Amino acid sequence: MKQFLERNQGLKSRVPFVVRFKDYSPEEMGQIVSLEADKRGFSVSENAKAKILAICEKAVQTQELGNGRFCRNLVENAILEFASRKFGKTKEEAGTMNVKCELEPGDFVTNQLLDKKNKKTEIGFRG
């Protein structure tokens with residue numbers, strides 16, 4: 001937002017004040033991940049909490065990733081991984097359908113989330 005306002009002095013003069021929000025700490029982001037998982041009916045295993053903290057530590061070092069949206073996306077991707085792990089099998093491999101909804105370390109895959117900020121997004125049509 002700061003860069004946006006600095007590009008247009010006329011717009012900048014129309015905004016009388018700025019509210020700054022600090023990024024969350026890795027520990028706070030870990031708590032958000034647990035809350036987001038809980039809202040969706042999942043728990044986070046104790047083993048996964050250390051991995052989540054490591055992911056969040058890396059995220060806060062990347063500009064614009066120390067926020068709640070990153071945590072929500074992390075949980076949503078973990079749920080997709082969980083579903084693939086539990087239900088992406090043949091009937092014989094799956095066994096019973098009595099499934100504990102607990103996210104494990106392997107469910108937290110970050111390559112897409114952390115790499116997303118390194119890619120330049122283009123807007124418009126390509127000719």
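The model is predicted: local features require pLDDT of at least 70, side-chain atom pairs count only at pLDDT 80 or more, and totals for chains, interfaces and linings use all residues. Residues are numbered from 1 along each chain as its sequence is written, and side-chain values use heavy atoms, with hydrogens and water left out.

**Overall fold**

The chain contains seven helices and two strands; helices (H or I, at least four residues) and strands (E, at least two) are DSSP runs numbered from the N terminus. Along the sequence, these elements follow the pattern α-α-α-β-α-α-α-β-α. The accessible surface of the chain is about 9,900 Å², and carbon and sulfur atoms hold 51% of this area; such areas come from the Shrake-Rupley method with a 1.4 Å probe, and for residues only the protein chains shown count as cover. Of the 127 residues, 26% count as buried. Buried denotes under 20% relative accessible area, exposed over 50%, and partly exposed in between (1.4 Å probe, protein chains only). Among contacts with a separation of 6 or more, 74% involve residues 24 or more positions apart, a contact being heavy atoms within 4.5 Å.

**Residues at the surface**

Phe17 lies in the loop between helix H2 (9-14) and helix H3 (26-39). Together with Val19 and Phe21, Phe17 forms a nonpolar surface patch with about 400 Å² of accessible area in total. Patches consist of residues with over 30% relative accessible area and no salt bridge, like charges being joined within 9 Å and nonpolar side chains (Val, Leu, Ile, Met, Phe, Trp, Tyr) within 5 Å. A salt bridge is a side-chain nitrogen of Lys or Arg within 4 Å of a carboxyl oxygen of Asp or Glu.

Arg72 belongs to helix H5 (residues 68-87). Leaving aside neighbours within four places in sequence, Arg72 contacts Glu36 and Arg40. Arg72 and Ile32 are 40 residues apart in sequence, with their C-alpha atoms 7.9 Å apart.

| Residue | Relative accessible area | Class |
|---|---|---|
| Phe17 | 59% | exposed |
| Arg72 | 32% | partly exposed |

**The aromatic pair**

The whole structure holds one aromatic pair. Phe42 and Phe82 form this edge-to-face pair, at 5.1 Å centre to centre and 85 degrees between the planes. The pair links distant parts of the chain, with Phe42 in the loop between H3 and strand E1 (43-44) and Phe82 in helix H5, 40 residues apart. Rings of Phe, Tyr and Trp (its six-membered ring) pair if their centres lie within 6.5 Å; planes under 30 degrees apart count as stacked, over 60 as edge-to-face and the rest as tilted. Both Phe42 and Phe82 are buried.
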